[in-house]
Amino acid sequence: MTEPAAEDLLERCLEYAPRLKPWQFFSHDTALGLLGAPLPEWPYRVRLHVSAHRPAREPRTEGVVGHRLQLREAEVGLGPAGLPVEHPVRAWRQAGCLWRLEDLIAAADFLVAGESPLATVDQLREEIAVMGDVPGRLLSRAVPHIRTGVRSPRETRLRLMLVRAGLPEPEVAWILRDASGRQIAELDLAYPRWRVAPEYDGRIHADDAAQFAKDGDRWDAIRAEGWDHVRIMKHHMRGGGGIAVQKVRAALLRAGWSPTRDR
């Protein structure tokens, strides 16, 4: 299901597209949004960023942020509906001037995920080396926190919340198997040493009864293997995620984790 913010962005880009010159293309976080990357959460709203490489001219139109980029060989691709879109690696670096560190990490996790990722961590690192970092070295600070196998931006944000709060960093996309080696579940986040599995569940209610029942069986199977499955809901993440952190910390303490011994 497409996020409302992404749908709105696509509609705005399609509306503007007939005014694009042949050398102009969508860039920055506009490009990332068109490529499906997670956007900063409400109330952030992506503006239309349109770029051109020197000496070509950027647009100077009300409601559009124009950029005249350094003279460089273009790597523009086709996004949804055939829209001209900046290369995802370059767009991620460009968004570094607009986004917070957490949002850059979430977008990078998206870019490197899946069997056919849009980018690699090495490509992101190389782009920073070639074109430079942004103020505050946000991009260089983001790179060490990028993880492959992440399924959602809320999963990224939960992982970062836990680490910032002084908890151990959980494994990502960890495969839980029984004694015979049979796969039980792929855990979004996992602490194998303590058998604690925090997972974000953003559903307000069960829209799909069959899927909800399947998930319930999965949770039972995880617990049957002796794991403490900690469901984190949307309201647990509000206000800095204090409740989410408290729930995971309590589970780790029950399992024998010590904040002083297990640093």
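**View 1. Packing around the buried residues of helix α4 in the predicted model.** The buried residues of α4 (residues 101-111) pack against α2 (28-34), α3, α5, α6 (138-142) and α7, where packing rests on contact, meaning heavy atoms within 4.5 Å, and buried means under 20% relative accessible area, with over 50% counted as exposed and values in between as partly exposed (1.4 Å probe, protein chains only). Nine of the 11 residues of α4 are buried, so this helix is largely enclosed by the rest of the structure; they are Glu102, Asp103, Leu104, Ile105, Ala106, Ala107, Ala108, Asp109 and Leu111. Helices (H or I, at least four residues) and strands (E, at least two) are DSSP runs, numbered from the N terminus. Residues are numbered from 1 along each chain as its sequence is written, and side-chain values use heavy atoms, with hydrogens and water left out. Because this is a predicted model, local features need pLDDT of at least 70 and side-chain atom pairs count only at pLDDT 80 or more, whereas totals for chains, interfaces and linings use all residues.

**View 2. The crossing of helices α4 and α7.** The axes of α4 and α7 (residues 153-164) come within 9 Å and cross at roughly 130°, the axes being lines fitted to C-alpha atoms over the stretch in contact, with angles from 0 to 180 degrees between N-to-C directions. The two helices are therefore oblique to each other (under 35 degrees is roughly parallel, over 145 roughly antiparallel, 65 to 115 roughly perpendicular, and the rest oblique). On the α4 side the contact is made by Glu102, Asp103, Ile105, Ala106 and Asp109, and on the α7 side by Pro153, Thr156, Arg157, Arg159, Leu160 and Arg164. By class, these residues of the contact of α4 with α7 divide into four nonpolar, one polar and six charged.

View 3. Arginine 159 lies in α7 and, at 2% relative accessibility, counts as buried. Leaving aside neighbours within four places in sequence, arginine 159 is in contact with Ile105, Asp109, His145, Arg147, Val150, Glu169, Pro170, Val172 and Leu189.

**View 4. The crossing of helices α3 and α5.** The axes of α3 (residues 88-95) and α5 (residues 121-131) come within 10 Å and cross at roughly 60°, which makes α3 oblique to α5. The contact is made by Val89, Arg90, Trp92 and Arg93 of α3 and by Gln123, Leu124, Glu127, Ile128 and Met131 of α5.

Note on methods:
Ala, Val, Leu, Ile, Met, Phe, Trp, Tyr, Cys and Pro count as nonpolar, Asp, Glu, Lys and Arg as charged, and the others, Gly among them, as polar.
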